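I opened the model to look up its rings and its nonpolar cores. My entries follow.

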Amino acid sequence: MKRSLWSTVAAGAAILTLALSGCESAESGGSGGGEGDQPYIAIVSKGFQHQFWQAVKQGAEEAAAEHDVRVTFEGPETETDVDQQIQMLTTALEKNPDAIALAALDSQAAAPLLERAQSSDIPVIAFDSGVDSDIPVTTAATDNTAAAAEAAKHMAEAIDGSGKIAIVTHDQTSSSGRDRRDGFVEYMEANEPDIEIVDTQYGGGDQLKSTDIANAMIEANPDLAGIYGTNEGSAVGVVNAVKEKDVVDSVTIVGFDSSKAQLDAIREGTEFGAVTQNPVGIGRETVEAAVKALAGEDLPETIDTGFYWYDKDTIDSEEIKPNLYE
């Protein structure tokens, strides 16, 4: 009797396992990872904590609703955690999506996974930051080199074309980090011989670390005329440091991206101005590119999502307001 009872229980457990497995398989959307006939696009961003990424997510979800596709959007806790992003990309591929979108923290580290996607006929869309690979069918991003040059031009005007300046960059492993640094430096070298860049440091886009870096820059260079922060966290960290050191009147801050802290700093005069991207547009263009790729349409190598300079005089203009986020 005992043997018979346990056999019955085991058989029931096996049936339950098969049923649950079937449910799980149905939820994953079969071969494409979608729900029924709805295509599934997995999106892995550089981060999740900054308002920039929330705005990108908003745009992606708006486009998904319009095109009747399902998207997931995730990113590591910090923009320095390459390992966590690679794990997220690995997990996303295991769900067998119809397409995948990636804003790479490290433009080389993701290469093996992109090859895996290509071998599985999963189109890859790069967004915000490209990768050192020809696997992505397109890259939807700001022209970061041109945007950084625009920031440099306004910095030069603000300090009357002369003085020492420094740069707090979010990273040197992503193409956006390198381009926002290099575009700024190249503009200064080509156009402003009386401006000297005395230091460039990397804060990982973290406000606290960027604050510490900017504090050290100010201490080492008492005659510093300006600091450029290459993303939201970098710029806010610089704002914090300039306030802490009480040098608001002598150090000009030029930033990148948006956020309530930056908007407040510009309105109050602590930050001179910043370049803003079009994050909602980046999210929309990324999903729309994936939809076109799945339909077999040809895509350009890059999709320029645009940028704008804004300062105290233009921050509330009708052209700028839609591209700012808090």
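**Charges over rings**

I count a charge as over a ring if NZ of Lys or CZ of Arg is within 6 Å of the ring centre and within 35 degrees of the ring normal. The charged end of arginine 180 sits over the ring of phenylalanine 256, 4.1 Å from the centre.

**Basis**

The model is predicted: local features need pLDDT of at least 70, side-chain atom pairs count only at pLDDT 80 or more, and totals for chains, interfaces and linings use all residues. Residues are numbered from 1 along each chain as its sequence is written, and side-chain values use heavy atoms, with hydrogens and water left out.

**Ring pairs**

I found six aromatic pairs. Rings of Phe, Tyr and Trp (its six-membered ring) pair if their centres lie within 6.5 Å; planes under 30 degrees apart count as stacked, over 60 as edge-to-face and the rest as tilted. Phenylalanine 184 and tyrosine 228 are stacked, because their ring centres are 4.1 Å apart and their planes at 10°. I noted phenylalanine 184 as buried, at 0% relative accessibility (buried means under 20% relative accessible area, with a 1.4 Å probe and protein chains only). Tyrosine 228 is also buried, at 0%. Ring pairs also link Phe52, Trp53, Phe127 and Tyr325 into a cluster.

**Core**

The largest nonpolar core has 25 residues, and Trp53, Val56 and Phe127 are among those with the most contacts inside it. Such a core is a set of buried Ala, Val, Leu, Ile, Met, Phe, Trp, Tyr and Cys residues joined through side-chain atoms within 4.5 Å.

Technical notes
Buried means under 20% relative accessible area, exposed over 50%, partly exposed in between (1.4 Å probe, protein chains only).
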